[in-house]
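My notes follow as numbered points, for reading alongside the model.

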Amino acid sequence: MSEELPKVLKDAGLDLLSCMQCGICTGSCPSGRHTGLNTRRILRDARKNRISVLSDDALWLCTTCYTCQERCPREIPITDALLELRRLAVKEGFMLPEHRKVSEMVMEFGHSVPLDEETKQKREELGLDPIPETVQKYPEALQEVRNLLKACKFDELTAEK
């Protein structure tokens, strides 16, 4: 990565230098209770320009509930910083296989979870149209979604490198 992480984050309006490493973010993280997510460590590593933070699988464990950000005594936009770090990680070619698969499904179906026959049948049993008002119902809309994703180079960004 050509630029330093702290500078990239600060340019995005995410200044982490005011973090006093109190640990409230990590202590209040619902995901961190059940996974290896340690927001405090990730922020510290980003502050110290440890590029390895971009390839850290824990970066992808955040569910973006914003609990850490709401409780931060310094009002640091923690979740926003994690999302920016993810963006940088993807730009550098780091993405969990599961996220890559979801990206591929969005490109192919216009949804991260496409409708299958069982779901269509259940919808009909409930008196619903088997296909909801989504791009799966309108093939021309699906093509528009694909065109938009290609225009912003989403397909290139999420392709395995």
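Which residues in α6 meet which residues in α8?

1. In α6 they are Val-106, Met-107, Glu-108 and Phe-109, and in α8 they are Leu-142, Arg-146, Leu-149 and Lys-150; contact here means heavy atoms within 4.5 Å. By class, the contact of α6 with α8 holds five nonpolar, no polar and three charged residues. The classes are nonpolar for Ala, Val, Leu, Ile, Met, Phe, Trp, Tyr, Cys and Pro, charged for Asp, Glu, Lys and Arg, and polar for the others, Gly among them.

2. A word on the basis: this is a predicted model, where local features need pLDDT of at least 70 and side-chain atom pairs count only at pLDDT 80 or more, while totals for chains, interfaces and linings use all residues. Residues are numbered from 1 along each chain as its sequence is written, and side-chain values use heavy atoms, with hydrogens and water left out.

3. The protein chain has nine helices and zero strands; these are DSSP runs numbered from the N terminus, with helices (H or I) of at least four residues and strands (E) of at least two. The radius of gyration of the protein chain is 19 Å, well over the 15 Å that the globule rule gives for 161 residues, so the chain is more spread out than a compact globule. That radius is taken over C-alpha atoms, and the rule is 2.2 Å times the number of residues to the power 0.38. Along its principal axes, the C-alpha trace spans about 55 × 35 × 25 Å.

4. Back to the helix pair above: the axes of α6 (residues 97-109) and α8 (residues 139-151) come within 7 Å and cross at roughly 130°. Axes are lines fitted to C-alpha atoms, for helices over the stretch in contact, with angles from 0 to 180 degrees between N-to-C directions.

5. For α3 (residues 39-47) and α5 (residues 78-91), the axes come within 11 Å and cross at roughly 60°, which makes α3 oblique to α5. The contact involves Thr-39, Ile-42, Leu-43 and Ala-46 of α3 with Ile-78, Ala-81, Leu-82 and Leu-85 of α5. These residues divide into seven nonpolar, one polar and no charged.

6. Do look at two backbone angles. Asn-49, in the loop between α3 and α4 (67-71), has a positive phi near 60°. Lys-153, in the loop between α8 and α9 (154-158), has a positive phi near 65°. Most residues other than glycine have a negative phi.

Definitions and conventions:
Parallel < 35°, antiparallel > 145°, perpendicular 65-115°, else oblique.
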